[in-house]
Amino acid sequence: MPKSPEALSMLPAIAQNALRKLGEDLALARVRRNESQRSWAKRLGVSVPTLIRLEQGDPGVGVGIVATALWMISRTDALADLAAPEHDRGALERDVQAALQRQRVRSRRGGRVGSGVGGDQGAEGA
């Protein structure tokens with residue numbers, strides 16, 4: 001058996017659980033379609049042992065195989081949306097924190113309204 005890359009050994013438990021559920025759901029989709037592992041593996045272009053690993057949520061299964069399995073059950077739209085920016089909570093939180101920081105800096109400067117590019121004309125511009 002090949003040695004697992006370090007990244008796979010560092011996989012967070014929550015991610016492993018999500019992969020396990022994905023595998024179980026893919027197996028259920030296959031069974032609901034009355035497909036054997038052999039025929040499903042052939043359609044996926046993989047061996048039966050690889051299909052079994054996929055259905056067990058093995059993180060070492062290639063993303064291309066996962067993408068093909070999702071395509072086979074008409075769920076490629078879900079794949080395309082996985083990392084969509086509007087769902088990136090971490091980046092959203094950083095954006096909020098940066099906005100709060102800018103607000104604090106402006107407050108310390110005296111809270112001048114309209115300061116910034118082309119905004120504040122002050123007494124000189126009136």
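## Basis of the model

Helices (H or I, at least four residues) and strands (E, at least two) are DSSP runs, numbered from the N terminus. The model is predicted, and local features need pLDDT of at least 70, side-chain atom pairs count only at pLDDT 80 or more, while totals for chains, interfaces and linings use all residues. Residues are numbered from 1 along each chain as its sequence is written, and side-chain values use heavy atoms, with hydrogens and water left out.

## Two loop residues with positive phi

Ser74 is found in the loop between H5 and helix H6 (76-81). Ser74 is not a glycine, yet its phi is positive, about 60°. With a relative accessible area of 61%, Ser74 is exposed; exposed means over 50%, buried under 20%, and partly exposed in between, using a 1.4 Å probe and protein chains only.

Asn34 sits in the loop between H2 and H3. Asn34 also is not a glycine and has a positive phi, of about 55°. Its relative accessibility of 71% makes Asn34 count as exposed.

## Helix H4 and its partners

The axes of helix H3 (residues 37-44) and helix H4 (residues 48-55) come within 9 Å and cross at roughly 95°. Axes are lines fitted to C-alpha atoms, for helices over the stretch in contact, and angles run from 0 to 180 degrees between N-to-C directions. H3 and H4 are therefore roughly perpendicular to each other; angles of 65 to 115 degrees fall in this class, those under 35 count as roughly parallel, those over 145 as roughly antiparallel and the rest as oblique. Gln37, Arg38, Trp40, Ala41 and Leu44 in H3 are in contact (heavy atoms within 4.5 Å) with Val48, Leu51, Ile52, Leu54 and Glu55 in H4. This contact has seven nonpolar, one polar and two charged residues. Here Ala, Val, Leu, Ile, Met, Phe, Trp, Tyr, Cys and Pro count as nonpolar, Asp, Glu, Lys and Arg as charged, and the others, Gly among them, as polar.

The axes of H2 and H4 come within 7 Å and cross at roughly 120°, which makes H2 oblique to H4. On the H2 side, Gly23, Glu24, Leu26, Ala27 and Arg30 meet Leu51, Leu54 and Glu55 of H4. The residues of this contact divide into four nonpolar, one polar and three charged.

## Two buried residues

Glu55 lies in helix H4 and, at 9% relative accessibility, counts as buried. Apart from neighbours within four places in sequence, Glu55 is in contact with Gly23, Glu24, Leu26, Ala27, Arg30 and Gln37.

Gln16, in helix H2, is buried too, with a relative accessible area of 18%. Not counting residues up to four places away in sequence, Gln16 touches Leu11, Gly57 and Pro59.

## The nonpolar core

A nonpolar core is a set of buried Ala, Val, Leu, Ile, Met, Phe, Trp, Tyr and Cys residues joined through side-chain atoms within 4.5 Å. The largest one has 14 residues, and those with the most contacts inside it are Leu26, Trp40, Leu44, Leu51, Leu54 and Ile73. Helix H2 (13-32), H3, H4 and helix H5 (63-72) are the elements that give two or more residues to this core. H5 provides the largest share, four residues. Residues up to four places away in sequence aside, Ile73 touches Leu26, Ala29, Arg33 and Trp40.
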